[in-house]
Amino acid sequence: MSALTFVGAGGVHDVGGVVGLDNNGFIDIKDKKLKHWELSVHALLVILASRKPPLMSTDELRRAVEALEPTVYNSWDYYDRWGAAMTAILMERGVFTQTQWDHYLSGDEYTLTEAQPVKFAVGQHVRIRRENSRIRWRRPHIRCPGYVFGVSGVISNLIGVFDDPFCLAFRGKGPKQPLYTVIVKLRDLWAGGKYPAGEIVGEHAGAEDVIEIEVYQDWLELDEAAAHDEGHDHDHSHGHCHAHGDCHHDHHDHEGHVQDVVEAGVIADHDQRAHAALDEHSHHHEHSHEHGHEHAHEHGHEHAHEHGHEHEHAHEHNHTESAPSASKSCAPDVQDEITPGQVVAETLLRLLTELKVISQEQVHQTIDRLQLAGTRLSGATLVARAWKDPAFKERLLANPDAAGSEVDVVTSNPNAPTVLRVVANSPDTHHAVVCTLCSCYPAALLGLSPAWYKSRNYRARMVREPRRVLQETFGLTLPTNQRIMVHDSTADCRYLVLPMPPKHLVESGAIETMTWEELVPYVTRNSMVGVEVL
């Protein structure tokens, strides 16, 4: 059986060898500057993974990102997806509830009520909401069958008030839910040819066949049209499950970021407060009201470690041009369009700061360390020393961690220990590195990975046509008699390519008289990834 049979079999993130992705396979290698909120999101992972015990791991982040629906995984940017994934993980761990998150998004004061007030009376006409979360950060526990979504009925009984099954399924806590029985006519359910052929729907000697179904209050809204037809004038207020449900319904058709965030499973789309807040975020993000957006800064986290993200969007920006220093004003980024993922991430950071899970000072300090790793390029120190000292080169290839310790260079990810492998280019073999599942990268040595490294096209094509990618994208034409060895870094190893020294320094003999410190500036990030020769 051909290996191509299984291309992409692991899920939407498994892009190695996939053909026909974005823009005809074009890989944009322009460096992109990280916005402050993106740096903050990366810093957040570092902070949470470094806690004792950790509140999140790289593998958890990967799993949560992989769980996103394909349409969102492919359309949301790198750190947008991180924000959604991290929110899901922290909800699972009970750090906060969906209710708290929604309240922080809207800016309302959060209070946990024991039970939702009863909103409906026997005899009222209601409509059962639709579950419309195409994107979820976790699969919801739904106790409302799909065949009644969008159907109207009449309240027949108020059974009582019960613990919310969605919360119970995730060991969470939320307001108790009123439970009703609703009578629905069969002819309303199975109209339009959905009923088995030959049956006469709901008509047996004049009788009206019905189904009585149990429905929790969050699934119900007042059916004003039916009530009007019956001559009723019921109050228009009705329950909204702002809290715990990934039960997102479509009775409000908001546009722009509001609907995007709803579809991403961030809020229940019938939470009007949260929708209003999203409108505010999306259209007036530059204003500084206190719930809003002075938060982009306080949330940070890109771990100086390199891996754990399988977010590929050509949206990750090069480490060398990171956002302004944390010492600057923490004003949000207002010059570019505000994405739904940014709203999610900033809300998460603000909530964690308020809950004292993180502090602004932690975020700022972590961002500074991340930026320093990108400007220092510790990997260049290892390369330059290997050029000058053959014995050190042997030790570096045999045991990179020990060799790094000799020169005070940390080679492993501090939050999720990894094993560094150093592979040396030679006239016979050229090495290059990719991560087809996410963005595994030796960030401790090279800084934050560039956008092109995380892009779907680089990840997909580098294992299928590496020679063509190097030539067309990076302008690197290798001799036909020099083989290419691509290292797919998808687990616990990180790879550093040891490039051959610049040809002109070797031919002129200058390399013999230069110190390793003088050679460091000649070593580039791209050469240590294997997409450039010096």
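Start at cysteine 440. Cysteine 440 sits in the loop between strand E7, residues 429-434, and helix H16, residues 443-446. Keep in mind that this is a predicted model. Is cysteine 440 buried or exposed? Its relative accessible area is 1%. The cut-off for buried is under 20%, so cysteine 440 counts as buried. Now find threonine 490. Cysteine 440 and threonine 490 are 50 residues apart in sequence. In space, their C-alpha atoms are 6.4 Å apart.

Let's zoom out. The protein has 23 helices and nine strands. It has 534 residues, and 55% of them are buried. Take the contacts with a separation of 6 or more: 79% of those come from residues 24 or more positions apart. The accessible surface is about 22800 Å². Carbon and sulfur atoms own 50% of that surface.

Next, a helix pair. Look at H1, residues 36-50, and H12, residues 360-376. Their axes come within 9 Å. They cross at roughly 100 degrees. Angles of 65 to 115 count as roughly perpendicular, so that is the label for H1 and H12. Which residues of H1 and H12 make the contact? On H1, they include Leu39, Ala43, Val46 and Ile47. On H12, they include Val363, Ile367 and Leu370.

Stay by H1 for a moment. Proline 53 is in the loop between H1 and helix H2, residues 58-66. Check the peptide bond from lysine 52 to proline 53. That bond is cis, with omega near -5 degrees.

Now the backbone at two other loops. Lysine 356 lies between helix H11, residues 340-354, and H12. Its phi is positive, about 65 degrees, although lysine 356 is not a glycine. Lysine 356 is exposed, at 73% relative accessible area. Aspartate 408 is in the loop between helix H15, residues 400-406, and strand E6, residues 419-424. What is the phi of aspartate 408? It is near 60 degrees, again positive in a residue other than glycine. Aspartate 408 has 72% relative accessibility. Exposed means over 50%, so aspartate 408 counts as exposed.

Last stop, the surface. Val118, Leu158 and Val161 form a nonpolar patch there. Together they have about 230 Å² of accessible area. Leucine 158 belongs to strand E2, residues 152-162. At 41% relative accessibility, leucine 158 is partly exposed.

Technical notes
Residues numbered from 1 in each chain as written. Predicted model: local features only at pLDDT ≥ 70, side-chain atom pairs only at ≥ 80, totals over all residues. Heavy atoms only, no water. Helix = DSSP H or I, 4+ residues; strand = E, 2+ residues; numbered from the N terminus. Buried < 20%, exposed > 50% of the residue type's maximum accessible area, 1.4 Å probe, protein only. Contact = heavy atoms within 4.5 Å. Areas by Shrake-Rupley, 256 points an atom, 1.4 Å probe, with all protein chains shown as cover. Patch = residues over 30% accessible without salt bridge, like charges linked within 9 Å, V, L, I, M, F, W, Y side chains within 5 Å. Salt bridge = Lys/Arg side-chain N within 4 Å of Asp/Glu carboxyl O. Axes fitted to C-alpha atoms, helices over the stretch in contact; angles between N-to-C directions. Parallel < 35°, antiparallel > 145°, perpendicular 65-115°, else oblique.
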